[in-house]
Amino acid sequence: GEPRAANMDHIDDRLNAFCVSSGVPPILLLMVWPCVVHFMYALVWVSPGVFFPWRKPMARVWHFRNMAYSKQLWFYGLLPWYLGLLDTARLAEPYYWRIFGQVLAQPQLVLVTGLAMLAVGCFLEVASFNAIGEAAILYGCKFGVEIEWVDNKFPYTWTNHPQHIGVALVYGSLLLFGWSVFADMLIVVAWWFCLYFFQTLVEGYLAQDEHEALKAKASKSQ
């Protein structure tokens with residue numbers, strides 16, 4: 001078999017053993033917590049009272065932020081293990097270097113294109129946070145935080161969902177960074193796209209009252 005970096009072998013062994021003993025497919029283990037978090041997004045959007053109702057508005061936003069960011073920790077914490085399953089050459093690398101090893105192993109043009117997608121995606125996400133603030137992005141309007149309606153600042157002058165487009169570019173870049181295991185990485189990316197598409201539908205079609213109220217308030221203050 002392939003040589004393995006011994007310092008983190010126990011992570012691979014334990015996760016593999018769990019999947020074998022439980023019958024859970026590796027892709028499901030990789031994506032289960034992001035799915036739970038996105039379910040909570042929808043639940044909080046529809047019934048915000050279920051999420052830390054006894055805390056003050058901004059404290060509820062911070063709890064929501066921690067939950068939102070935890071899905072990234074889960075995904076990128078397990079991704080090196082998953083890459084080792086897709087390409088056994090990664091097993092010879094230190095656990096957390098496998099992501100970089102996978103990226104650097106791709107053809108130059110593919111790598112540059114992936115980096116460009118990642119850069120533009122991150123730019124849109126940062127610009128979104130800068131335009132409307134973290135509380136607005138993290139469902140502050142649902143938790144009682146005073147939110148200002150913003151449609152005259154970039155990138156909201158360009159699209160209503162710049163953050164989601166940014167996220168799509170970031171996760172879409174995984175297709176290029178995982179070019180050598182394209183078919184398997186396509187499943188991962190499709191899973192992320194489905195989660196954010198569902199979230200966009202929920203926010204787009206169940207936020208009309210909030211949006212109209214914020215627009216009316218913004219027009220009165222002008």
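Modeller: Y76 is partly exposed, because its relative accessible area is 30%; buried means under 20% relative accessible area, exposed over 50% and partly exposed in between, with a 1.4 Å probe and protein chains only. The model is predicted, so local features need pLDDT of at least 70 and side-chain atom pairs count only at pLDDT 80 or more, whereas totals for chains, interfaces and linings use all residues. Residues are numbered from 1 along each chain as its sequence is written, and side-chain values use heavy atoms, with hydrogens and water left out.

A pair of aromatic rings is described by the distance of the centres and the angle of the planes. Here rings of Phe, Tyr and Trp (its six-membered ring) pair if their centres lie within 6.5 Å; planes under 30 degrees apart count as stacked, over 60 as edge-to-face and the rest as tilted. By that count the structure holds 20 aromatic pairs. F75 and Y76 make an edge-to-face pair, because their planes stand at 80 degrees, with the ring centres 4.9 Å apart. F123 and F154 form a tilted pair, 6.0 Å centre to centre and with 35 degrees between the planes. This pair links distant parts of the chain, as F123 is in helix 5 (residues 108-132) and F154, 31 residues apart from it, is in the loop between helix 6 (134-137) and helix 7 (162-177). Helices (H or I, at least four residues) and strands (E, at least two) are DSSP runs, numbered from the N terminus. F123 is partly exposed at 48% relative accessibility, and F154 is partly exposed at 44%.

One aromatic cluster is formed by Y41, W45, F51, F52, W54, F64, Y139 and F143. Over the ring of W45 sits the charged end of K142, 4.6 Å from the ring centre; a charge sits over a ring if NZ of Lys or CZ of Arg is within 6 Å of the ring centre and within 35 degrees of the ring normal. F52 is in the loop between helix 2 (26-46) and helix 3 (57-86). The phi of F52 is positive, about 45 degrees, although F52 is not a glycine, and F52 is partly exposed at 27%. Y139, in the loop between helix 6 and helix 7, has a positive phi of about 65 degrees and is not a glycine either. Y139 is buried, because its relative accessible area is 3%.

Now the rest of the chain. The secondary structure comes to nine helices and zero strands. Of the 222 residues, 42% count as buried. Among contacts between residues at least 6 apart in sequence, 71% join residues at least 24 apart; contact means heavy atoms within 4.5 Å.

Helix 8 covers residues 182-205, and its 24 residues should span 34 Å at 1.5 Å a residue, which agrees with the 33 Å between its end C-alpha atoms; the expected span is 1.5 Å times one less than the number of residues. An α-helix has 3.6 residues a turn, so residues three or four places apart point the same way. The buried residues of helix 8 are M185, V188, V189, W192, L195, Y196, Q199, V202 and E203. M185 has 3% relative accessibility. Leaving out residues up to four places away in sequence, M185 touches L83, L86, L174, L175 and G178. The C-alpha atoms of M185 and L174, eleven residues apart along the chain, are separated by 7.0 Å.

R98 is in helix 4 (residues 98-104) and counts as buried, because its relative accessibility is 0%. With residues up to four places away left out, R98 touches D12, P80, W81, L83, G84, R90, L91 and E93. The C-alpha atoms of R98 and G84, 14 residues apart along the chain, are separated by 7.7 Å. A polar atom of the R98 side chain lies 3.3 Å from the backbone oxygen of R90. A polar contact is a pair of N or O atoms within 3.5 Å; within protein, one must be able to donate a hydrogen and the other to accept it, and residues adjacent in sequence count only if both atoms are side-chain atoms.

The cysteines come last. A disulfide is a pair of cysteine sulfur atoms within 2.5 Å, and by this rule the count comes to zero. C19 is buried at 9% relative accessibility, while C122 is partly exposed at 36%.
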